[in-house]
Amino acid sequence: MMMSLQRLLDRGRLRRLPPASSEVADLLRVVERDLTDARIEALSADRRFATAYNAALQLATVVLRAEGYRTQGVAHHHTTIEALPLILGVEVAETADYLDACRSRRNTVDYDGIGIATEADVQELLREAEALRVAVSGWLKSAHPELA
């Protein structure tokens, strides 16, 4: 069953907080930094994967913040990714599912082992993050031009 934003609010996983253009701008700068860093071939595939994941997560955070929400409670990453298709629409549901799978892998990369991500994994995640960046940028300009 797909969660709704209201249900996430009711369960204490989201709270309302007016968006701030400076916060959105800062998040977008983090996205650009992380997309650039994730392409540094001298880094391990694990670190590049985690960095590309963070870029995608920050894009999802931009969407959440632009709509006037902030995560709270546990599972911040999961909640942020879960809210993505609730705001942008069903057309990003597959992207959200993919990012949620990456979230689990990123946890393994960061906490449990090495050699988890491959170069192919990094390249796939970078492609997905870039596509999401384009989608979020277009959405932001049309839905929240004051924040773009």
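**Helix packing and salt bridges in a predicted model**

I will start with arginine 39, which at 39% relative accessibility counts as partly exposed. Here buried means under 20% relative accessible area, exposed means over 50%, and partly exposed lies in between, with a 1.4 Å probe and protein chains only. This is a predicted model, in which local features need pLDDT of at least 70 and side-chain atom pairs count only at pLDDT 80 or more, while totals for chains, interfaces and linings use all residues. Residues are numbered from 1 along each chain as its sequence is written, and side-chain values use heavy atoms, with hydrogens and water left out.

What does arginine 39 pair with? Its side chain meets that of glutamate 130 in a salt bridge, 2.7 Å from N to O. That pair links distant parts of the chain, with arginine 39 in the loop between α2 and α3 and glutamate 130 in helix α6, 91 residues apart. By salt bridge I mean a side-chain nitrogen of Lys or Arg within 4 Å of a carboxyl oxygen of Asp or Glu. Helices (H or I, at least four residues) and strands (E, at least two) are DSSP runs, numbered from the N terminus. The pair also belongs to a network of salt bridges linking Glu32, Arg39, Glu130 and Arg133.

Over the whole structure, a search finds 13 salt bridges. Another one joins glutamate 23 to arginine 65, with 2.8 Å between the closest N and O atoms. Glutamate 23 sits in helix α2 (residues 21-37) and arginine 65 in helix α3, so this pair ties together parts 42 residues apart in sequence. Are these two residues buried or exposed? Both glutamate 23 and arginine 65 are buried.

Aspartate 26 and arginine 29 form a salt bridge at 2.1 Å, N to O. Both lie in helix α2, three residues apart, about one turn of the helix. An α-helix has 3.6 residues a turn, so residues three or four places apart point the same way. Aspartate 26 is partly exposed at 41% relative accessibility, and arginine 29 is exposed at 52%.

Now the helix pair α4 and α5. The axes of α4 (residues 76-88) and α5 (residues 93-111) come within 8 Å and cross at roughly 170 degrees. Axes are lines fitted to C-alpha atoms, for helices over the stretch in contact, and angles run from 0 to 180 degrees between N-to-C directions. That crossing makes α4 roughly antiparallel to α5; angles under 35 degrees count as roughly parallel, over 145 as roughly antiparallel, 65 to 115 as roughly perpendicular and the rest as oblique.

Which residues make the contact? From α4 they are His77, His78, Ile81, Leu84 and Pro85, and from α5 Ala93, Ala96, Leu99, Asp100, Arg103 and Arg106. Contact means heavy atoms within 4.5 Å. By class, the contact of α4 with α5 has six nonpolar, two polar and three charged residues. Ala, Val, Leu, Ile, Met, Phe, Trp, Tyr, Cys and Pro count as nonpolar, Asp, Glu, Lys and Arg as charged, and the others, Gly among them, as polar.

Helix α4 has 13 residues and reaches 18 Å from first C-alpha to last, close to the 18 Å expected at 1.5 Å a residue. The expected span is 1.5 Å times one less than the number of residues. The buried residues of α4 pack against α1 (5-10), β1 (14-16), α3 (45-66), β2 (69-71), α5 and α6 (119-143).

Two backbone points belong here. Alanine 75, in the loop between β2 and α4, has a phi near 60 degrees, a positive value in a residue other than glycine. Most residues other than glycine have a negative phi. Alanine 75 is partly exposed, at 40% relative accessible area. After α4 comes glycine 89, with a positive phi near 110 degrees.

Helix α5 has 19 residues and reaches 27 Å from first C-alpha to last, close to the 27 Å expected. Its buried residues include Tyr98, Cys102 and Val109, and their cover includes α3, α4 and α6.

Last, helix α6: 25 residues, reaching 35 Å from first C-alpha to last, close to the 36 Å expected. Among its buried residues are Glu130, Trp139 and Leu140. What covers the buried residues of α6 includes α2, α3, α4 and α5. Glutamate 119, also in α6, is partly exposed at 37%. Apart from neighbours within four places in sequence, glutamate 119 is in contact with Ala45 and Arg48.
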